[in-house]
Amino acid sequence: MNIIRRRGWELPERAATPEHLFFNRRAFLAATGATLVAPGLASAEGAADTSDPSAHLYPAKRNEKYVLDRAITDEAINTTYNNFYEFGSAKTISRAAQALKLRPWTVKIDGMVAKPFEIGLDDLLAKMPLEERLYRHRCVEAWSMAIPWSGFPLAKLVELAQPLGSAKYLRMETFLDRAMAPGQRAVWYPWPYVEGLTIAEATNELAFLVTGAYGKPVSKSQGAPLRLAVPWKYGFKSIKSIVRFNFTDQRPNTFWEALQASEYGFWANVNPQVPHPRWSQATEELIGTGERRPTLLFNGYADYVANLYQGLEGERLWA
Ligand SMILES: Nc1nc2c(c(=O)[nH]1)N[C@H]1C(S)=C(S)[C@@H](COP(=O)(O)O)O[C@H]1N2
Ligand SMILES: [Mo]
């Protein structure tokens with residue numbers, strides 16, 4: 001991949017191993033195509049879409065409870081160094097992601113709930129208490145960022161959904177639109193992107209539905225207009241551009257697990273002592289800084305979430 005010109009914050013191959021290494025040749029083709037972007041374009045694309053009908057909701061008031069041990073990642077980096085396979089398997093999808101159409105955006109809530117319903121994103125936003133939280137974000141590829149997300153607790157959506165006592169899991173789904181998202185034409189992936197949590201995880205106070213970032217509506221490349229942030233888990237659990245919340249008693253077969261179960265499991269909690277089958281998770285690169293740091297158990301959120309896994313020691317909790 002020597003022909004790719006990297007920006008300063010991008011990692012050499014030896015430091016980050018993408019989820020898609022399994023499909024390395026295709027990834028290589030996508031990556032080389034994606035670098036044909038004029039320099040300077042990318043940062044402009046990270047800017048807020050002023051036509052967004054939710055723009056007036058931001059900035060939301062910061063909840064000071066969630067503190068960082070590191071600097072916030074530059075917005076220009078966070079909005080242009082992404083994993084969003086719907087728009088390509090390279091990190092440089094921010095330009096392609098501008099094709100994402102954000103309105104109308106309807107969210108379906110169904111399965112084991114009192115009464116299934118659909119709700120428009122702006123109606124949902126009007127019901128939810130928006131706040132800003134500073135969260136760490138740790139990708140399974142051994143890099144991390146720190147982000148000022150805005151949004152609301154996933155627990156508030158669960159409350160709105162009124163799940164039945166029989167529901168054990170929350171299954172979440174990204175849009176499916178092959179015309180809009182060229183990555184979804186790649187038939188070797190199990191589209192649409194699916195993720196899942198137990199109800200206990202989904203109602204933990206840390207589980208957050210993101211609608212904004214950096215004091216404005218969340219950017220397309222970050223998974224607008226509605227994405228998850230579960231910061232104690234590897235980044236692939238934090239599903240982007242969600243259109244469906246399905247309550248079920250069956251453990252969801254998630255996107256990465258369906259592709260490569262031996263490497264990406266359902267639980268995917270961050271643990272520096274449990275290596276990925278192909279690389280160590282002991283340290284991480286803080287994207288944009290050149291710094292490497294020891295990775296923290298549960299990405300530093302053990303006080304909030306360790307109790308969720310008591311009695312589940314027999315499960316593959318860490319990868
Ligand atoms: N729908 C969807 N959600 C997704 C992904 C994706 O490809 N498609 N990638 C995941 C991975 S691997 C990571 S690390 C984070 C990346 O979020 P970011 O681009 O905002 O850093 O999104 C996750 N959610
Ligand atoms: Mo990731």
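Predicted model: local features only at pLDDT ≥ 70, side-chain atom pairs only at ≥ 80, totals over all residues.
1. Overall make-up. The protein chain contains 8 helices and 12 strands. Of its 319 residues, 56% are buried. The chain exposes about 13,500 Å², and carbon and sulfur atoms account for 54% of that area. Taking contacts between residues at least 6 apart in sequence, 75% join residues at least 24 apart.

2. Nonpolar core. The largest nonpolar core has 84 residues. Within this core, Leu 154, Trp 232 and Phe 245 have the most contacts. Strand β4, residues 143–153, gives the most to the core, with 5 residues.

3. Surroundings of Leu 154. Setting aside residues up to four places away in sequence, Leu 154 touches Leu 170, Leu 197, Ala 202, Ala 207, Phe 208, Leu 209, Leu 228 and Phe 245. Phe 245 is also listed with Leu 154 among the residues that have the most contacts inside the largest core. Phe 208 returns in the next point as a ring partner of Tyr 135.

4. Tyr 135 and Phe 208. The structure holds 24 aromatic pairs. One of them is formed by Tyr 135 and Phe 208, which are edge-to-face with 5.9 Å from centre to centre and 65° between the planes. Tyr 135 belongs to strand β3 (residues 131–139) and Phe 208 to strand β7 (residues 208–213), so this pair ties together parts that are 73 residues apart in sequence. Tyr 135 has 0% relative accessibility and counts as buried. Phe 208 is buried as well, with a relative accessible area of 0%.

5. Tyr 135 and Tyr 301. Tyr 135 has a further ring partner in Tyr 301: the centres are 6.0 Å apart and the planes stand at 65°, so the pair is edge-to-face. Tyr 301 sits in the loop between β12 (291–294) and α8 (302–305) while Tyr 135 is in strand β3, so the pair ties together parts that are 166 residues apart in sequence. At 3% relative accessibility, Tyr 301 counts as buried.

6. Charges over rings. Arg 136 lies over the face of Tyr 301, at 4.5 Å from the ring centre. Tyr 301 therefore has both the ring of Tyr 135 as an edge-to-face partner and Arg 136 over its face. In another such arrangement, the charged end of Lys 237 sits over the ring of Phe 266, 4.3 Å from the centre of that ring.

7. Aromatic cluster. Where do aromatic residues gather into one cluster? The cluster is formed by Tyr 85, Trp 188, Tyr 189, Trp 191, Tyr 193, Phe 236, Phe 255, Trp 256 and Tyr 264.

8. Arg 70 and Glu 284. A search of the whole structure finds 21 salt bridges. Arg 70 and Glu 284 form one of these, with their closest N and O atoms 3.0 Å apart. The pair links distant parts of the chain: Arg 70 is in the loop between α2 (41–45) and α3 (75–78), and Glu 284 is in strand β11, 214 residues apart. Both Arg 70 and Glu 284 are buried.

9. Asp 110 and Arg 244. The side chains of these two residues meet in a salt bridge at 3.1 Å, N to O. Asp 110 lies in strand β1 (residues 106–111) and Arg 244 in strand β10 (residues 242–248), so the bridge ties together parts that are 134 residues apart in sequence.

10. Glu 173 forms a salt bridge with Arg 171, the closest N and O atoms being 2.6 Å apart. Glu 173 counts as buried at 14% relative accessibility, and Arg 171 is partly exposed at 22%. Elsewhere, salt bridges that share partners join Asp 69, Arg 70, Arg 136, Arg 138, Glu 284, Glu 291 and Arg 293 into one network. Arg 136 of this network is the residue that lies over the face of Tyr 301.

11. Asn 271. This residue lies in the loop between α7 (255–260) and β11 (283–286). At 7% relative accessibility, Asn 271 counts as buried. Apart from neighbours within four places in sequence, Asn 271 is in contact with Tyr 234, Gln 281, Leu 297 and Trp 318.

Terms used: Residues numbered from 1 in each chain as written. Chains lettered and ligands numbered in written order. Heavy atoms only, no water. Phe/Tyr/Trp six-rings, centres within 6.5 Å; stacked < 30°, edge-to-face > 60°. Helix = DSSP H or I, 4+ residues; strand = E, 2+ residues; numbered from the N terminus. Buried < 20%, exposed > 50% of the residue type's maximum accessible area, 1.4 Å probe, protein only. Lys NZ or Arg CZ within 6 Å of the ring centre and 35° of its normal. Contact = heavy atoms within 4.5 Å. Areas by Shrake-Rupley, 256 points an atom, 1.4 Å probe, with all protein chains shown as cover. Core = buried A, V, L, I, M, F, W, Y, C linked by side-chain atoms within 4.5 Å. Salt bridge = Lys/Arg side-chain N within 4 Å of Asp/Glu carboxyl O.
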